[in-house]
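Please take a moment to look over the sequence and the model below. The paragraphs that follow go from charged pairs to the metal site, and then to a helix and the aromatic rings.

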Amino acid sequence: MTEVVVDHAEGAVPVHALCDKELAGFLDGRQAFVKAFAELSDFKAKAGQVLVVPDTAGAIDRVLLGLGEAGDAQSFRALAAKLPAGDYRIASAPAEIAPDQIALAFALGSYRFDRYKKKGEKHPRLVAGEGVDVAQVRSIAHACALARDMVNTPPNDMGPLQIETIAREIAEQHGASITVITGEGLLEANYPAVHAVGRAAVPERAPRMIEITWGEAGKPLIALVGKGVVFDTGGLDIKPAAGMRNMKKDMGGAAHALALGRMIMAASLPVRLAILVPVVENAISGDAMRPGDVLDSRKGLTIEVGNTDAEGRLILADALTRAGELEPALTIDLATLTGAARMALGPQLPPFYTDDDELAAQIEAAAQAVADPLWRMPLWKGYVDSIDSDVADIKNDSDAWAQAGSITAALFLQKFAPSGPWVHLDIFAWNPRGRPGWPSGGEAQSIRALYAMIAARFA
Ligand code: BES
Ligand code: MN
Ligand code: ZN
């Protein structure tokens, strides 16, 4: 990614960011030409609206950015997407919007997935405001771009080995240790559910368990767990075509866990990390797990496979059990776990689940502060019977009566989660509709909020 946020640039064009009610006052103080041009262009300072004001020589004199009613840093994503290439600086913006959040939104808004396109597109650059830690902004933007690139990359180029390679690079860059257990080794190392889900894939795309550990002894340990299904066909309970079409993104949880881990390591937060990523292809072959199979799990609980398409919770079961063995001070898991989460909250608002009210409040505060929205949903005990099995300790698809599929998936995970503070995020990792600053395709969700929460909680 080109560096779109810079410390300094000569002759940067001034940008005025305005709430809609500030617009009239602003224009009154300008030359008549600017006011007439804004009116002609129907510029109303709506959120994300951009007006490029020319000078008499036809160059850009200044830029107006609309912030809408309240004013939110996220409007600066549209600025990055709409401006022509060149250097810009913020000449005025509401005091409530922190300059680092402006710079970060600008960087996130300039993201493109161009790996398979002809290159050459030039990006506008933003001079960061006074006091902004540019390295920190870039590090967070890079991590978000990594997650988006991983999700966007087609499944033929983002298989288990590619995820392993990315994990190894991240570990190496930050002096972390990494172990990868692959294929039949998973049985020996006691990851039976990861093996069962991933064993139908061709040998080059064998399942694996990736474990990165980082940080100094004595610091509190955070376990980051991510669902890494490189493609989810649904297995033998095969997904319909429409549902399968976007299932390259089913490794989004793994991408998010690695990206969040990288942010934490790059900032040297005073914690230790264990990044636990089970990676599988939910494929179909003569060796695929079947509906009705009973699997062993690392924890020792037997799991009846009611539906092979509920594969994410199976691999997370073993990974969460592994997390518990490390006695973390906090466990976070991220997964594109259910379609039901989308039925409840839509693509923009990932649900999170935790029984820890203090942790929930910290997550909500952080989500608000960095405009990375999340919504708490309940681990509703009344539905826990819906995952009882007639033949095993538990089953992976809940009874129809319970209906709330995102909740019952979270309740399944809770059976395997460590006893300490734990939060589960059922992310979508995708923009189904493109708009300026939010291109359609892979999206980083929740990791800026989680980073801010962790930085505050372990300060
Ligand atoms: N990866 C899917 C969930 C998903 C689907 C996430 C669409 C985002 C968009 C998951 O593995 C799955 O198939 N879940 C099933 C579970 C069901 C079979 C109990 C679902 O949600 O329908
Ligand atoms: Mn599935
Ligand atoms: Zn899945």
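A salt bridge is taken here to be a side-chain nitrogen of Lys or Arg within 4 Å of a carboxyl oxygen of Asp or Glu. By this rule the count comes to 26 salt bridges. The model is a predicted one, in which local features need pLDDT of at least 70 and side-chain atom pairs count only at pLDDT 80 or more, while totals for chains, interfaces and linings use all residues. Residues are numbered from 1 along each chain as its sequence is written, chains are lettered from A and ligands numbered from 1 in the order in which they are written, and side-chain values use heavy atoms, with hydrogens and water left out.

Among the salt bridges is that of Arg138 with Glu3, whose closest N and O atoms are 3.2 Å apart. This pair links distant parts of the chain, since Arg138 belongs to helix α5 (residues 134–152) and Glu3 to the segment before β1 (5–6), 135 residues apart; helices (H or I, at least four residues) and strands (E, at least two) are DSSP runs, numbered from the N terminus. Accessibility is classed with a 1.4 Å probe and protein chains only, where buried means under 20% relative accessible area, exposed means over 50%, and partly exposed lies in between. On this scale Arg138, with a relative accessible area of 27%, is partly exposed, and Glu3, at 32%, also counts as partly exposed.

A second bridge joins Arg208 and Glu164, whose side chains meet at 2.8 Å, N to O. Here too distant parts of the chain are linked, with Arg208 in strand β8 (residues 208–214) and Glu164 in helix α6 (residues 160–173), 44 residues apart. Both Arg208 and Glu164 are buried. Asp61 and Arg62 form another salt bridge, with the closest N and O atoms 3.0 Å apart; Asp61 counts as partly exposed at 26% relative accessibility, whereas Arg62 counts as buried at 17%. Beyond such pairs, Glu211, Arg298, Arg322 and Glu325 are linked in a network of salt bridges.

The manganese ion (ligand 2) is coordinated by Asp232 (OD), Asp309 (O), Asp309 (OD) and Glu311 (OE), at 2.0 to 2.2 Å. Donors are N, O and S atoms within 2.8 Å of the metal (3.2 Å for Na, K and Ca), and sites may look incomplete because water is not among the atoms. Around the manganese ion (ligand 2) the 6 donor atoms subtend angles of 71 to 170°, which makes the arrangement irregular.

In sequence, the donor residues of the manganese ion (ligand 2) are spaced D-x76-D-x1-E. Asp232 lies in strand β10 (residues 228–232) and Asp309 in the loop between β13 (303–304) and α11 (312–325), so this pair ties together parts that are 77 residues apart in sequence. Asp232 also bridges the manganese ion (ligand 2) and the zinc ion (ligand 3), which lie 3.1 Å apart. Asp232 counts as buried, at 2% relative accessibility, whereas Asp309, at 21%, counts as partly exposed.

Helix α11 has 14 residues and reaches 20 Å from its first C-alpha to its last, close to the 20 Å expected at 1.5 Å a residue, where the expected span is 1.5 Å times one less than the number of residues. The helix is mostly covered, as 12 of its 14 residues are buried, among them Gly312, Leu316 and Arg322. Just after α11, Glu327 takes a positive phi of about 50°.

Rings of Phe, Tyr and Trp (its six-membered ring) pair if their centres lie within 6.5 Å, and planes under 30 degrees apart count as stacked, over 60 as edge-to-face and the rest as tilted. By this rule the count comes to 4 aromatic pairs. One of them, Phe113 with Tyr116, is tilted, at 6.0 Å centre to centre and 55° between the planes. The rings of Phe412 and Phe416 have their centres 5.3 Å apart and their planes at 35°, so this pair is tilted. Phe412 is buried, with a relative accessible area of 0%, and Phe416 is buried at 2%.

Methods
Four donors count as tetrahedral if all angles lie between 85 and 135 degrees; four count as square planar and six as octahedral if opposite donors are over 155 degrees apart and all others between 65 and 115; anything else is irregular.
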